[in-house]
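Me: Please show me the sequence and the structure. Then let us work through some questions.

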Amino acid sequence: MNKEYQGNSIELRAKELLASIQGNCPDMVWNEINVELEAKRSKASEKWLSKYNTPRAAVIVTICVAVVTLVSWKFVFGKKSTDISVYQAPQPTQQIVNTPPPVKQAAATVVTQPKKDSVVVNKTVPIPNTVVTATNSQPMQVAMNNNKPIVLQKPVVKDNTPTTNSTPATAMHSGGASVSSEQPDSTFSLHRSGMAPMSSGAAVQDTVTN
Amino acid sequence: MNPTELIQACLHHDTIAQRNFYEQYSPRVMGICTRYAAGAKDTEAMALYVIKHLFEEIVNCPGDVNMERWVEERTIWNAVEYLHQDKHRYFIAKTTRYMENKKKVEGEVDETTLSKEESKKTYLAALQSLTPSYRILYNLTYIDEIAPPVIVKNLQIAEETYKAELGEAKFQFKQYLNTYLHEQGVPRQ
(Lines give C-alpha, C1' and ligand atoms only; values in the text may rest on other atoms or scores of the structure.)
Protein backbone atom coordinates (compact mmCIF):
# COMPACT_ATOMS: atom_id res chain seq x y z
CA MET A 1 0.00 0.00 0.00
CA ASN A 2 1.07 3.53 -0.68
CA LYS A 3 2.75 5.08 2.36
CA GLU A 4 0.50 8.06 1.93
CA TYR A 5 -2.46 5.90 2.89
CA GLN A 6 -0.78 3.82 5.53
CA GLY A 7 -2.33 3.91 8.94
CA ASN A 8 -0.65 4.30 12.27
CA SER A 9 -0.71 1.89 15.21
CA ILE A 10 -4.44 2.39 15.73
CA GLU A 11 -5.23 1.24 12.19
CA LEU A 12 -2.92 -1.74 12.51
CA ARG A 13 -4.55 -2.63 15.77
CA ALA A 14 -7.99 -2.22 14.23
CA LYS A 15 -7.04 -4.55 11.40
CA GLU A 16 -5.63 -7.07 13.85
CA LEU A 17 -8.80 -7.09 15.90
CA LEU A 18 -11.51 -6.70 13.29
CA ALA A 19 -10.21 -8.28 10.10
CA SER A 20 -11.05 -11.83 11.07
CA ILE A 21 -14.22 -11.05 12.91
CA GLN A 22 -17.04 -13.54 12.42
CA GLY A 23 -20.62 -13.60 13.56
CA ASN A 24 -23.55 -15.92 13.85
CA CYS A 25 -26.26 -15.49 11.30
CA PRO A 26 -29.66 -15.67 12.97
CA ASP A 27 -32.23 -18.14 11.63
CA MET A 28 -34.33 -15.25 10.44
CA VAL A 29 -31.76 -14.53 7.74
CA TRP A 30 -31.80 -18.10 6.44
CA ASN A 31 -35.60 -18.25 6.54
CA GLU A 32 -35.90 -15.15 4.43
CA ILE A 33 -33.20 -16.31 2.04
CA ASN A 34 -34.81 -19.74 1.79
CA VAL A 35 -38.13 -18.17 0.82
CA GLU A 36 -36.44 -16.26 -1.96
CA LEU A 37 -34.50 -19.31 -3.09
CA GLU A 38 -37.67 -21.37 -3.09
CA ALA A 39 -39.37 -18.80 -5.29
CA LYS A 40 -36.44 -18.88 -7.67
CA ARG A 41 -36.47 -22.67 -7.58
CA SER A 42 -40.13 -22.84 -8.55
CA LYS A 43 -39.59 -20.20 -11.20
CA ALA A 44 -36.72 -22.20 -12.63
CA SER A 45 -38.76 -25.39 -12.64
CA GLU A 46 -41.62 -23.59 -14.38
CA LYS A 47 -39.18 -22.24 -16.91
CA TRP A 48 -37.79 -25.74 -17.37
CA LEU A 49 -41.24 -27.18 -17.84
CA SER A 50 -42.28 -24.52 -20.29
CA LYS A 51 -39.02 -24.99 -22.11
CA TYR A 52 -39.34 -28.73 -22.43
CA ASN A 53 -43.10 -29.03 -22.71
CA THR A 54 -43.36 -27.08 -25.90
CA PRO A 55 -41.08 -29.33 -27.92
CA ARG A 56 -42.73 -32.35 -26.35
CA ALA A 57 -46.14 -31.14 -27.45
CA ALA A 58 -44.76 -30.45 -30.89
CA VAL A 59 -43.34 -33.96 -31.07
CA ILE A 60 -46.67 -35.47 -29.99
CA VAL A 61 -48.57 -33.42 -32.55
CA THR A 62 -46.10 -34.39 -35.25
CA ILE A 63 -46.42 -38.06 -34.37
CA CYS A 64 -50.22 -37.83 -34.41
CA VAL A 65 -50.22 -36.10 -37.78
CA ALA A 66 -47.81 -38.67 -39.16
CA VAL A 67 -49.95 -41.55 -37.91
CA VAL A 68 -53.14 -40.04 -39.32
CA THR A 69 -51.44 -39.41 -42.64
CA LEU A 70 -50.09 -42.94 -42.75
CA VAL A 71 -53.44 -44.48 -41.89
CA SER A 72 -55.31 -42.38 -44.43
CA TRP A 73 -52.74 -43.14 -47.09
CA LYS A 74 -52.98 -46.82 -46.29
CA PHE A 75 -56.77 -46.64 -46.37
CA VAL A 76 -57.01 -44.89 -49.71
CA PHE A 77 -54.26 -46.58 -51.65
CA GLY A 78 -54.59 -49.94 -49.94
CA LYS A 79 -58.27 -50.15 -50.88
CA LYS A 80 -57.50 -49.19 -54.44
CA SER A 81 -54.95 -51.95 -54.81
CA THR A 82 -57.40 -54.45 -53.29
CA ASP A 83 -60.04 -53.43 -55.80
CA ILE A 84 -57.68 -54.05 -58.64
CA SER A 85 -56.75 -57.50 -57.43
CA VAL A 86 -60.25 -58.63 -56.60
CA TYR A 87 -62.72 -56.96 -58.83
CA GLN A 88 -60.94 -55.86 -61.91
CA ALA A 89 -61.05 -58.06 -64.88
CA PRO A 90 -57.80 -59.24 -66.31
CA GLN A 91 -56.19 -56.80 -68.58
CA PRO A 92 -56.47 -57.44 -72.31
CA THR A 93 -52.79 -57.81 -72.58
CA GLN A 94 -52.84 -60.50 -69.93
CA GLN A 95 -55.59 -62.29 -71.87
CA ILE A 96 -53.56 -62.26 -74.97
CA VAL A 97 -50.57 -63.59 -73.21
CA ASN A 98 -52.36 -66.31 -71.28
CA THR A 99 -54.65 -67.55 -74.03
CA PRO A 100 -53.31 -70.60 -75.77
CA PRO A 101 -53.06 -70.45 -79.49
CA PRO A 102 -56.34 -71.08 -81.23
CA VAL A 103 -57.05 -74.70 -82.06
CA LYS A 104 -59.22 -75.81 -84.88
CA GLN A 105 -62.36 -77.05 -83.34
CA ALA A 106 -65.14 -78.96 -84.82
CA ALA A 107 -68.47 -77.48 -84.27
CA ALA A 108 -70.21 -78.86 -81.30
CA THR A 109 -73.06 -81.09 -82.20
CA VAL A 110 -76.04 -81.47 -80.10
CA VAL A 111 -77.57 -84.83 -80.63
CA THR A 112 -80.97 -85.45 -79.40
CA GLN A 113 -82.14 -88.97 -79.01
CA PRO A 114 -84.48 -89.67 -81.86
CA LYS A 115 -87.96 -90.58 -81.12
CA LYS A 116 -90.22 -92.43 -83.35
CA ASP A 117 -92.49 -89.60 -84.12
CA SER A 118 -90.27 -86.76 -83.66
CA VAL A 119 -87.84 -85.06 -85.79
CA VAL A 120 -84.33 -84.92 -84.76
CA VAL A 121 -83.04 -81.52 -85.16
CA ASN A 122 -79.40 -81.16 -85.24
CA LYS A 123 -78.23 -77.82 -84.42
CA THR A 124 -74.85 -77.10 -85.57
CA VAL A 125 -72.97 -74.07 -84.68
CA PRO A 126 -70.49 -73.43 -87.36
CA ILE A 127 -67.15 -72.03 -86.65
CA PRO A 128 -66.15 -69.60 -89.25
CA ASN A 129 -63.26 -70.44 -91.46
CA THR A 130 -63.35 -74.04 -90.38
CA VAL A 131 -63.21 -76.51 -93.18
CA VAL A 132 -64.40 -80.02 -92.60
CA THR A 133 -63.07 -82.27 -95.19
CA ALA A 134 -63.47 -85.91 -96.00
CA THR A 135 -60.01 -86.59 -94.97
CA ASN A 136 -61.02 -86.16 -91.40
CA SER A 137 -60.10 -89.55 -90.05
CA GLN A 138 -61.33 -88.99 -86.56
CA PRO A 139 -63.67 -91.88 -85.65
CA MET A 140 -67.14 -90.91 -85.02
CA GLN A 141 -68.81 -91.53 -81.78
CA VAL A 142 -71.58 -94.12 -81.88
CA ALA A 143 -74.60 -93.78 -79.73
CA MET A 144 -76.79 -96.80 -79.09
CA ASN A 145 -80.53 -96.73 -79.15
CA ASN A 146 -82.22 -100.06 -78.43
CA ASN A 147 -79.10 -101.84 -79.42
CA LYS A 148 -79.08 -99.93 -82.60
CA PRO A 149 -76.18 -97.82 -83.23
CA ILE A 150 -76.86 -94.28 -84.02
CA VAL A 151 -74.32 -92.60 -85.99
CA LEU A 152 -73.56 -89.26 -84.68
CA GLN A 153 -73.63 -86.79 -87.32
CA LYS A 154 -70.71 -84.80 -88.12
CA PRO A 155 -71.45 -81.19 -88.18
CA VAL A 156 -72.63 -79.97 -91.45
CA VAL A 157 -70.87 -76.87 -92.21
CA LYS A 158 -71.63 -74.89 -95.14
CA ASP A 159 -68.63 -74.04 -96.94
CA ASN A 160 -68.36 -71.68 -99.73
CA THR A 161 -66.61 -74.25 -101.77
CA PRO A 162 -68.47 -77.54 -101.71
CA THR A 163 -66.30 -80.53 -101.24
CA THR A 164 -66.12 -83.23 -103.72
CA ASN A 165 -67.33 -85.89 -101.33
CA SER A 166 -70.49 -84.21 -100.42
CA THR A 167 -73.52 -86.27 -101.09
CA PRO A 168 -75.95 -84.84 -103.61
CA ALA A 169 -79.50 -84.39 -102.63
CA THR A 170 -80.69 -87.00 -105.10
CA ALA A 171 -78.53 -89.62 -103.52
CA MET A 172 -79.98 -88.81 -100.18
CA HIS A 173 -83.44 -89.35 -101.41
CA SER A 174 -82.59 -92.81 -102.62
CA GLY A 175 -81.65 -93.77 -99.12
CA GLY A 176 -85.08 -93.04 -97.74
CA ALA A 177 -84.07 -89.96 -96.02
CA SER A 178 -84.88 -86.64 -97.29
CA VAL A 179 -82.78 -83.72 -96.64
CA SER A 180 -84.16 -80.49 -97.50
CA SER A 181 -81.65 -78.60 -99.38
CA GLU A 182 -83.75 -75.56 -98.97
CA GLN A 183 -82.96 -75.47 -95.30
CA PRO A 184 -80.51 -73.01 -94.03
CA ASP A 185 -76.94 -74.00 -94.05
CA SER A 186 -76.59 -74.69 -90.48
CA THR A 187 -79.76 -76.57 -89.80
CA PHE A 188 -81.81 -79.07 -91.68
CA SER A 189 -84.62 -81.43 -90.94
CA LEU A 190 -84.32 -85.10 -91.13
CA HIS A 191 -87.46 -86.90 -91.84
CA ARG A 192 -87.52 -90.41 -90.75
CA SER A 193 -88.86 -92.93 -93.13
CA GLY A 194 -88.15 -96.11 -91.48
CA MET A 195 -84.50 -95.68 -91.70
CA ALA A 196 -82.03 -94.30 -89.39
CA PRO A 197 -81.10 -90.82 -89.99
CA MET A 198 -78.25 -90.29 -92.18
CA SER A 199 -75.81 -87.66 -92.07
CA SER A 200 -74.45 -85.99 -94.99
CA GLY A 201 -70.84 -85.81 -95.76
CA ALA A 202 -68.19 -88.27 -96.62
CA ALA A 203 -68.05 -89.86 -93.22
CA VAL A 204 -71.58 -91.09 -93.37
CA GLN A 205 -71.81 -94.76 -92.87
CA ASP A 206 -74.81 -96.81 -93.70
CA THR A 207 -75.07 -98.86 -90.61
CA VAL A 208 -78.75 -98.88 -90.27
CA THR A 209 -80.30 -102.24 -90.84
CA ASN A 210 -83.99 -102.70 -91.00
CA MET B 1 -18.61 -31.74 -1.10
CA ASN B 2 -15.79 -29.71 -2.64
CA PRO B 3 -16.32 -26.07 -3.67
CA THR B 4 -16.86 -26.92 -7.34
CA GLU B 5 -19.53 -29.48 -6.55
CA LEU B 6 -21.08 -27.07 -4.08
CA ILE B 7 -21.28 -24.35 -6.71
CA GLN B 8 -22.76 -26.70 -9.31
CA ALA B 9 -25.34 -27.96 -6.86
CA CYS B 10 -26.28 -24.40 -5.89
CA LEU B 11 -26.63 -23.51 -9.55
CA HIS B 12 -29.08 -26.40 -9.93
CA HIS B 13 -31.10 -25.00 -7.03
CA ASP B 14 -30.21 -27.85 -4.71
CA THR B 15 -31.64 -26.95 -1.32
CA ILE B 16 -29.13 -28.97 0.67
CA ALA B 17 -26.20 -27.45 -1.17
CA GLN B 18 -27.58 -23.96 -0.66
CA ARG B 19 -27.96 -24.66 3.02
CA ASN B 20 -24.40 -25.99 3.16
CA PHE B 21 -23.12 -22.90 1.41
CA TYR B 22 -25.00 -20.70 3.85
CA GLU B 23 -23.74 -22.55 6.89
CA GLN B 24 -20.18 -22.56 5.61
CA TYR B 25 -19.83 -18.90 4.65
CA SER B 26 -22.51 -17.00 6.58
CA PRO B 27 -20.30 -16.45 9.72
CA ARG B 28 -17.68 -14.75 7.58
CA VAL B 29 -20.33 -12.72 5.79
CA MET B 30 -21.84 -11.76 9.10
CA GLY B 31 -18.46 -10.63 10.43
CA ILE B 32 -17.81 -8.41 7.44
CA CYS B 33 -21.32 -7.01 7.57
CA THR B 34 -20.83 -6.22 11.25
CA ARG B 35 -17.91 -3.98 10.34
CA TYR B 36 -19.73 -2.20 7.54
CA ALA B 37 -23.10 -1.87 9.25
CA ALA B 38 -24.01 0.58 11.97
CA GLY B 39 -25.62 -1.85 14.39
CA ALA B 40 -27.04 -5.34 14.93
CA LYS B 41 -30.28 -4.68 13.04
CA ASP B 42 -28.48 -3.10 10.16
CA THR B 43 -26.05 -6.00 10.13
CA GLU B 44 -28.83 -8.57 9.65
CA ALA B 45 -30.43 -6.59 6.86
CA MET B 46 -27.09 -6.18 5.16
CA ALA B 47 -26.24 -9.87 5.57
CA LEU B 48 -29.56 -10.82 4.01
CA TYR B 49 -28.86 -8.54 1.07
CA VAL B 50 -25.31 -9.83 0.67
CA ILE B 51 -26.15 -13.54 0.87
CA LYS B 52 -28.95 -13.14 -1.67
CA HIS B 53 -26.51 -11.55 -4.04
CA LEU B 54 -23.94 -14.23 -3.36
CA PHE B 55 -26.41 -16.90 -4.51
CA GLU B 56 -27.07 -14.87 -7.62
CA GLU B 57 -23.39 -14.32 -8.37
CA ILE B 58 -22.25 -17.83 -7.50
CA VAL B 59 -22.11 -18.69 -11.18
CA ASN B 60 -19.04 -16.45 -11.40
CA CYS B 61 -17.30 -18.14 -8.50
CA PRO B 62 -13.99 -19.76 -9.51
CA GLY B 63 -14.83 -22.87 -7.54
CA ASP B 64 -11.32 -23.72 -6.40
CA VAL B 65 -9.49 -23.02 -3.16
CA ASN B 66 -10.02 -19.26 -3.63
CA MET B 67 -13.71 -19.63 -3.02
CA GLU B 68 -13.49 -18.19 0.47
CA ARG B 69 -11.55 -15.20 -0.81
CA TRP B 70 -14.16 -14.73 -3.54
CA VAL B 71 -16.93 -14.82 -0.93
CA GLU B 72 -15.12 -12.20 1.15
CA GLU B 73 -14.57 -9.89 -1.81
CA ARG B 74 -18.13 -10.15 -3.01
CA THR B 75 -19.39 -9.62 0.53
CA ILE B 76 -17.35 -6.43 0.88
CA TRP B 77 -18.54 -4.93 -2.38
CA ASN B 78 -22.12 -6.01 -1.85
CA ALA B 79 -22.02 -4.40 1.59
CA VAL B 80 -20.74 -1.20 0.01
CA GLU B 81 -23.51 -1.44 -2.57
CA TYR B 82 -26.06 -1.89 0.20
CA LEU B 83 -24.84 1.25 1.94
CA HIS B 84 -24.94 3.15 -1.34
CA GLN B 85 -28.53 2.10 -1.86
CA ASP B 86 -29.42 3.25 1.62
CA LYS B 87 -29.23 6.81 0.44
CA HIS B 88 -31.31 8.40 3.14
CA ARG B 89 -28.52 7.64 5.56
CA TYR B 90 -25.68 8.00 3.18
CA PHE B 91 -23.92 11.31 2.73
CA ILE B 92 -26.51 13.07 4.83
CA ALA B 93 -24.05 14.58 7.20
CA LYS B 94 -20.39 14.73 7.60
CA THR B 95 -18.84 12.99 10.52
CA THR B 96 -17.53 16.32 11.69
CA ARG B 97 -21.06 17.63 12.10
CA TYR B 98 -22.10 14.35 13.68
CA MET B 99 -19.35 14.68 16.15
CA GLU B 100 -20.22 18.20 17.17
CA ASN B 101 -22.31 16.96 20.04
CA LYS B 102 -19.81 14.37 21.13
CA LYS B 103 -17.47 14.99 23.99
CA LYS B 104 -13.96 15.12 22.69
CA VAL B 105 -11.23 13.20 24.47
CA GLU B 106 -7.79 14.54 23.91
CA GLY B 107 -4.55 12.58 24.08
CA GLU B 108 -3.65 8.95 23.52
CA VAL B 109 -5.27 6.18 25.50
CA ASP B 110 -3.53 3.08 26.75
CA GLU B 111 -5.63 0.11 25.81
CA THR B 112 -3.16 -2.46 27.00
CA THR B 113 -5.18 -2.79 30.14
CA LEU B 114 -8.13 -4.09 28.12
CA SER B 115 -8.58 -7.68 27.13
CA LYS B 116 -8.67 -8.65 23.49
CA GLU B 117 -12.42 -9.05 23.51
CA GLU B 118 -12.92 -5.69 25.15
CA SER B 119 -10.55 -4.08 22.68
CA LYS B 120 -12.43 -5.69 19.82
CA LYS B 121 -15.74 -4.40 21.07
CA THR B 122 -14.26 -0.96 21.58
CA TYR B 123 -12.77 -0.80 18.11
CA LEU B 124 -15.95 -2.16 16.58
CA ALA B 125 -18.04 0.40 18.40
CA ALA B 126 -15.74 3.14 17.20
CA LEU B 127 -15.96 1.88 13.65
CA GLN B 128 -19.73 1.60 13.69
CA SER B 129 -19.97 5.13 14.99
CA LEU B 130 -18.50 6.49 11.78
CA THR B 131 -20.79 7.74 9.07
CA PRO B 132 -21.34 5.26 6.25
CA SER B 133 -18.98 7.02 3.86
CA TYR B 134 -16.14 7.13 6.39
CA ARG B 135 -16.87 3.60 7.54
CA ILE B 136 -16.63 2.35 3.99
CA LEU B 137 -13.33 4.06 3.35
CA TYR B 138 -11.84 3.06 6.67
CA ASN B 139 -12.87 -0.57 6.27
CA LEU B 140 -11.74 -0.79 2.65
CA THR B 141 -8.43 0.89 3.20
CA TYR B 142 -7.21 -0.19 6.63
CA ILE B 143 -9.00 -3.43 7.52
CA ASP B 144 -9.67 -5.13 4.19
CA GLU B 145 -6.54 -3.58 2.70
CA ILE B 146 -7.88 -3.05 -0.77
CA ALA B 147 -5.64 -1.03 -3.03
CA PRO B 148 -6.65 2.66 -3.25
CA PRO B 149 -6.90 2.65 -7.10
CA VAL B 150 -9.41 -0.18 -6.89
CA ILE B 151 -11.39 1.68 -4.26
CA VAL B 152 -11.35 4.88 -6.28
CA LYS B 153 -12.43 3.03 -9.37
CA ASN B 154 -15.21 1.06 -7.71
CA LEU B 155 -16.58 3.96 -5.70
CA GLN B 156 -16.25 6.25 -8.72
CA ILE B 157 -14.75 9.09 -6.75
CA ALA B 158 -11.74 11.30 -7.37
CA GLU B 159 -8.49 10.34 -5.73
CA GLU B 160 -8.31 13.68 -3.93
CA THR B 161 -11.74 13.16 -2.53
CA TYR B 162 -10.74 9.72 -1.43
CA LYS B 163 -7.63 11.02 0.24
CA ALA B 164 -9.44 13.77 2.07
CA GLU B 165 -12.29 11.54 3.16
CA LEU B 166 -9.92 8.86 4.35
CA GLY B 167 -7.94 11.36 6.44
CA GLU B 168 -11.13 12.56 8.00
CA ALA B 169 -12.30 9.00 8.65
CA LYS B 170 -9.01 8.20 10.31
CA PHE B 171 -9.26 11.22 12.52
CA GLN B 172 -12.85 10.52 13.52
CA PHE B 173 -12.08 6.89 14.29
CA LYS B 174 -9.33 7.94 16.65
CA GLN B 175 -11.63 10.39 18.34
CA TYR B 176 -14.32 7.77 18.83
CA LEU B 177 -11.83 5.25 20.08
CA ASN B 178 -10.52 7.69 22.68
CA THR B 179 -14.03 8.52 23.75
CA TYR B 180 -15.02 4.88 24.19
CA LEU B 181 -11.82 4.00 25.98
CA HIS B 182 -12.29 6.96 28.26
CA GLU B 183 -15.84 5.86 29.00
CA GLN B 184 -14.52 2.45 29.92
CA GLY B 185 -12.07 4.01 32.33
CA VAL B 186 -8.97 3.32 30.36
CA PRO B 187 -6.27 5.69 31.58
CA ARG B 188 -4.64 8.09 29.19
CA GLN B 189 -0.97 7.93 28.54
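Questions and answers on the chains, their interface and their salt bridges follow.

Reply: This is a predicted model, in which local features need pLDDT of at least 70, side-chain atom pairs count only at pLDDT 80 or more, and totals for chains, interfaces and linings use all residues. Residues are numbered from 1 along each chain as its sequence is written, chains are lettered from A and ligands numbered from 1 in the order in which they are written, and side-chain values use heavy atoms, with hydrogens and water left out.

Me: Which pattern does chain A follow along the sequence?
Reply: Helices (H or I, at least four residues) and strands (E, at least two) are DSSP runs, numbered from the N terminus. Chain A has four helices and six strands. Read in order, the pattern is α-α-α-β-β-β-β-α-β-β.

Me: How much area do chain B and chain A bury between them?
Reply: Contact means heavy atoms within 4.5 Å. On that basis 42 residues of chain B touch 32 residues of chain A. Buried area is the accessible area (1.4 Å probe) that two parts lose on being put together, summed over both. Carbon and sulfur atoms hold 66% of it, and the total is about 3600 Å².

Me: Which chain A residue forms a salt bridge with B:Glu145?
Reply: A salt bridge is a side-chain nitrogen of Lys or Arg within 4 Å of a carboxyl oxygen of Asp or Glu. Between chain B and chain A the count is three. For B:Glu145, the closest N and O atoms are 3.6 Å apart, and the partner is A:Lys15.

Me: Is B:Arg35 buried or exposed?
Reply: B:Arg35 forms a salt bridge with B:Asp144, at 2.8 Å between the closest N and O atoms. B:Arg35 lies in helix H2 of chain B and B:Asp144 in the loop between H7 and helix H8 (148–155), so the pair ties together parts 109 residues apart in sequence. Buried means under 20% relative accessible area, exposed over 50%, partly exposed in between (1.4 Å probe, protein chains only). At 0% relative accessibility, B:Arg35 is buried.

Me: Which helix of chain B holds B:Arg74?
Reply: The side chains of B:Arg74 and B:Glu57 meet in a salt bridge (2.9 Å, N to O). B:Glu57 is in helix H3 of chain B, so the pair ties together parts 17 residues apart in sequence; B:Arg74 is in helix H4 (residues 67–85).
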